[in-house]
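The exercises below are meant to be worked through with the sequence and the coordinates open side by side. Try each task before reading its solution.

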2 protein chains.
Amino acid sequence: MTFGGYIREVRERRRRDDRTFSLRQVAGRVGIEPAYLSKIERGQTPPPSERTIRRLATELDEDADVLLAMAGKVSQDLQEIVMLRPKLFADLLRQLREAPDHAVLRVAREIRDGDW
Amino acid sequence: MTFGGYIREVRERRRRDDRTFSLRQVAGRVGIEPAYLSKIERGQTPPPSERTIRRLATELDEDADVLLAMAGKVSQDLQEIVMLRPKLFADLLRQLREAPDHAVLRVAREIRDGDW
DNA sequence: TGTAGTGTGTAGTATACAGTACACACTCGA
DNA sequence: TCGAGTGTGTACTGTATACTACACACTACA
């Protein structure tokens with residue numbers, strides 16, 4: 001699924017029971033030109049900036065990290081986490097690349113439960 | 001420590017026992033113009049592309065992920081790992097943001113030992 | 001003393017990023 | 001039927017990215 005196509009799909013779905021989800025009105029609330037959003041949704045222009053994607057996520061009630069991923073981006077705050085301890089997190093991520101979801105989740109849970 | 005300053009430091013250190021680590025020769029081997037490397041080392045221009053940073057890392061025998069971090073970047077391959085399962089890894093990284101190194105290391109070890 | 005090698009100053013370039021601005025044709029309810 | 005609202009085509013803009021090209025002054029040593 002492409003970024004633009006997904007945005008269009010979600011927007012039109014929400015529009016069915018809320019008329020304010022027209023392309024023009026969403027663009028207005030997000031703070032971009034309608035023509036630009038139109039091009040984004042049809043994939044005629046690459047996905048917008050992180051800032052704009054975040055606003056779209058809020059507006060459409062979608063997960064920002066997922067939208068960013070579809071746009072080929074990684075959230076700036078996550079990048080900063082990695083950059084603070086690059087070796088540590090680079091190794092960890094490469095270890096976890098192939099690990100199944102449940103293994104990663106367990107890891108997260110263990111850490112959260114704070115048995116440091 | 002800035003990216004450029006660090007590169008200069010490492011290069012000059014290596015140069016002490018290997019004359020081929022002059023700015024010009026390193027630039028030549030890395031495939032960029034000497035004037036450009038000079039500006040990078042003095043911070044007169046922002047750090048170069050990931051590709052060029054990787055070559056510098058190889059040439060200077062430094063860790064690419066660490067150099068990239070100093071340059072304010074995160075390796076593309078790591079970004080791709082996150083983008084494949086954005087929610088999963090976004091949550092994990094935010095959980096681990098404050099976790100001490102040893103806790104993260106233990107997690108990595110457990111995963112590596114494959115008790116999925 | 002000249003020439004090979006050193007670092008640096010200045011100017012310029014191609015490409016991508018992240019949009020704006022405005023006009024156009026269409027539709028649909030009052 | 002007309003006017004408000006809809007999506008889209010075209011043209012343009014400012015800024016950042018990632019460099020190249022060339023000339024210059026200095027040093028070192030043969």
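**Exercise 1.** Which residues in α2(B) meet which residues in α4(B)?

Solution. Before starting, note that this is a predicted model, in which local features need pLDDT of at least 70 and side-chain atom pairs count only at pLDDT 80 or more, while totals for chains, interfaces and linings use all residues. Residues are numbered from 1 along each chain as its sequence is written, and chains are lettered from A and ligands numbered from 1 in the order in which they are written.

Step 1. Find the helices, which are DSSP runs of H or I with at least four residues, numbered from the N terminus, as are strands (E, at least two). Step 2. Look for contacts, meaning pairs of residues whose C-beta atoms, placed from the backbone, lie within 7 Å. From α2(B) come V26(B), R29(B) and V30(B), and facing them in α4(B) are T52(B), R55(B), L56(B) and E59(B). Step 3. Sort these residues by class, where Ala, Val, Leu, Ile, Met, Phe, Trp, Tyr, Cys and Pro count as nonpolar, Asp, Glu, Lys and Arg as charged, and the others, Gly among them, as polar. The contact of α2(B) with α4(B) then has three nonpolar, one polar and three charged residues.

**Exercise 2.** Describe how α7(A) and α8(B) cross, and name the residues that make the contact.

Solution. Step 1. Take the axes, lines fitted to C-alpha atoms over the stretch in contact, with angles that run from 0 to 180 degrees between N-to-C directions. The axes of α7 (residues 86-96) of chain A and α8 (residues 101-112) of chain B come within 10 Å and cross at roughly 25°. Step 2. Angles under 35 degrees count as roughly parallel, over 145 as roughly antiparallel, 65 to 115 as roughly perpendicular and the rest as oblique, and α7(A) is therefore roughly parallel to α8(B). Step 3. On the α7(A) side the contact is made by L88(A), D91(A), L92(A), Q95(A) and L96(A), and on the α8(B) side by D101(B), V104(B), A108(B), I111(B) and R112(B). By class, this contact holds six nonpolar, one polar and three charged residues.

**Exercise 3.** Work out how the two chains are related and which elements of chain A touch chain B.

Solution. Step 1. Superpose the copies by least squares on the C-alpha atoms of residues with pLDDT of at least 70 in both.

Step 2. Turn to the interface, where 35 residues of chain A are in contact with 34 residues of chain B. On the side of chain A that touches chain B, two or more residues are given by each of α5 (64-70), α6 (76-84), α7 and α8 (101-112) of chain A, and the largest share, nine residues, comes from α7(A). By class, that side has 22 nonpolar, four polar and nine charged residues. Because 97% of the interface residues of chain A are also interface residues in chain B, the copies meet through the same surface.

**Exercise 4.** Which residues come nearest to DNA strand C?

Solution. Count a residue as near if its C-beta atom, placed from the backbone, lies within 6 Å of the strand. Of the 18 residues around DNA strand C, the nearest are Y36(A), S49(A), S22(B), L23(B) and A35(B). The largest share of this surface, four residues, comes from α3(B).

Key
Two residues are in contact if their C-beta atoms, placed from the backbone, lie within 7 Å.
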